[in-house]
Amino acid sequence: MTADTNTDLDTAQIPPPAEKSARALARARKRRSAARFWREYRTHRSGLWGLAGLILIALIAICAPLLVGADSQSVTDAPGGALEAPSGEFPLGTDQFGRSVLALLVWGARVSLTVGLLAAFLCVAIGTVVGIVAGHFRGWYSTVLMRVTDWFLVMPTLVLAIALATVMSRSIWTVILAIGVTTWPTTARLVRAQTLAVESRPYIERARALGGGHGHIMLRHVLPNVMPLVLAQTTLVISSAILTEATLAFLGLGDPTITSWGGMLQDAREAGAVSAGDWWYLAPPGLAIALVALAFTLCGRAIEAVLNPKLGVAR
């Protein structure tokens with residue numbers, strides 16, 4: 001191969017200046033949008049408090065092996081006695097096996113956050129796909145999808161989740177699937193309404209006139225415009241997913257081999273902590289569930305207010 005041929009190949013691999021300029025402009029526009037979003041988000045004190053709480057809980061969950069040790073969940077090597085009151089050695093007391101409630105609380109954060117995030121992702125993914133398809137295609141496509149959505153919407157979510165968790169194997173993935181496939185109708189309704197609003201704009205007609213197909217319009221025009229709504233909805237769905245996971249675990253439908261906040265409440269009930277007044281076994285997991293749900297709700301409200309200032313959410 002001659003030197004001229006190598007030079008031609010190198011030149012062909014270099015993008016033209018116009019393409020490089022377009023990419024640079026797109027990256028700069030994204031950076032400006034992110035900076036503008038953060039400036040607006042910082043004005044919401046409640047959103048900052050929620051974000052700080054979530055970061056702290058996430059760091060605790062990630063660093064659980066370093067903070068409390070990997071063997072703190074062991075029943076056979078429990079360091080304390082059964083249901084000991086809070087002390088210097090055990091700040092939150094012990095459970096019926098002598099394990100530290102504080103250590104179990106730290107490990108439970110991993111499971112509860114994982115279930116909440118994955119279940120919310122599955123819920124929002126299903127709702128977004130159904131909402132965009134139902135809003136884009138008219139006629140019997142939309143009618144069938146909306147009737148299925150209405151059926152799931154009127155059915156009690158918790159009852160459906162319990163039914164799925166009962167007939168399937170008891171594992172964390174069963175809980176995630178049960179929550180995800182029963183909580184998507186609200187997201188689908190919201191996304192469909194936003195899709196109808198987006199597709200009524202003039203640039204959608206121009207895209208169709210220029211030969212844009214269904215996939216091009218839904219992915220390149222509709223999806224980017226509904227993503228802010230989807231993002232805000234995700235943060236709100238996570239809190240409800242964590243509460244649902246805790247409820248399923250409290251009812252004994254979770255995975256008994258893992259430690260979660262709902263499972264801790266179930267173990268406390270079975271150990272007679274309610275009748276014995278062992279508040280240190282009951283209060284910490286319940287407060288942790290409430291605080292995480294509150295933090296995600298505060299973040300969701302702040303994001304929704306930034307993306308839609310007309311809501312007038314208090315700062």
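Visitor: At what angle do H12 and H14 pack, and how far apart are their axes?

Guide: H12 and H14 pack at an angle of about 155°. Their axes are 9 Å apart. This is a predicted model. In general, two packed helices are described by the angle between their axes and the distance between the axes.

Visitor: How are H12 and H14 oriented to each other?

Guide: An angle over 145 degrees counts as roughly antiparallel. H12 and H14 are therefore roughly antiparallel to each other. H12 passes H14 in a left-handed crossing.

Visitor: Which residues of H12 and H14 meet?

Guide: From H12 come Trp261, Gly262, Met264, Leu265, Asp267 and Ala268. They meet Tyr281, Leu282, Pro285, Gly286, Ala288, Ile289 and Val292 in H14. Sorted by class, the contact of H12 with H14 has 10 nonpolar, 2 polar and 1 charged residues.

Visitor: Let me take one residue from that list. Is Gly262 buried or exposed?

Guide: Buried means under 20% relative accessible area. Gly262 has a relative accessible area of 0%, so Gly262 is buried. Gly262 is found in helix H12.

Visitor: What is Gly262 in contact with, leaving aside its neighbours within four places in sequence?

Guide: With those neighbours left aside, Gly262 is in contact with Ala246, Ala249, Phe250 and Ile289. Compare sequence with space for another pair. Gly262 and Ile242 are 20 residues apart in sequence. In space they are 9.1 Å apart, C-alpha to C-alpha.

Visitor: Now the nonpolar core. Which residues in the largest one touch the most other members?

Guide: The general idea: in soluble globular proteins, nonpolar side chains tend to be buried together. Here the largest nonpolar core has 35 residues. Leu113, Trp261, Val292 and Phe296 touch the most other members.

Visitor: Which helices each supply at least two residues of this core?

Guide: Helix H3 (45-62), H5, H11, helix H12 (261-270) and helix H14 (279-307) each do. The largest share, 11 residues, comes from H14.

Visitor: What does Leu113 contact, leaving aside its neighbours within four places in sequence?

Guide: Leu113 is in contact with Ile57, Ala58, Ala61, Ile242, Val292 and Phe296. There is also a second, separate core of 12 residues. It includes Val111, Val115, Leu248 and Leu253.

Visitor: Back to helix pairs. How do the axes of H7 and H11 cross?

Guide: The axes of H7 and H11 come within 11 Å and cross at roughly 50°. That makes H7 oblique to H11. The crossing is right-handed. Leu158, Ala161 and Ile162 of H7 make the contact with Thr244, Thr247 and Leu248 of H11. By class, this contact has 4 nonpolar, 2 polar and no charged residues.

Visitor: At what angle do H5 and H9 pack?

Guide: H5 and helix H9 (residues 185-199) pack at an angle of about 40°. Their axes are 7 Å apart. H5 and H9 are therefore oblique to each other. Their crossing is right-handed. Residues making the contact include Cys123, Gly127 and Gly131 of H5, and Ala188, Arg192 and Glu199 of H9. By class, the contact of H5 with H9 has 8 nonpolar, 7 polar and 2 charged residues.

Visitor: Last one, H8. Which residues in helix H8 are buried?

Guide: Helix H8 runs over residues 172-180. Thr174, Val175, Ile176, Ala178, Ile179 and Gly180 are buried. The buried residues of H8 pack against helix H5 (101-136), helix H7 (157-167) and helix H11 (214-250).

Note on methods: Residues are numbered from 1 along each chain as its sequence is written. This is a predicted model: local features need pLDDT of at least 70, side-chain atom pairs count only at pLDDT 80 or more; totals for chains, interfaces and linings use all residues. Side-chain values use heavy atoms; hydrogens and water are left out. Buried means under 20% relative accessible area, exposed over 50%, partly exposed in between (1.4 Å probe, protein chains only). Helices (H or I, at least four residues) and strands (E, at least two) are DSSP runs, numbered from the N terminus. Contact means heavy atoms within 4.5 Å. Axes are lines fitted to C-alpha atoms, for helices over the stretch in contact, and angles run from 0 to 180 degrees between N-to-C directions. Angles under 35 degrees count as roughly parallel, over 145 as roughly antiparallel, 65 to 115 as roughly perpendicular and the rest as oblique. A crossing is left-handed if the near helix is turned anticlockwise from the far one by less than a right angle, and right-handed if clockwise. Ala, Val, Leu, Ile, Met, Phe, Trp, Tyr, Cys and Pro count as nonpolar, Asp, Glu, Lys and Arg as charged, and the others, Gly among them, as polar. A nonpolar core is a set of buried Ala, Val, Leu, Ile, Met, Phe, Trp, Tyr and Cys residues joined through side-chain atoms within 4.5 Å.
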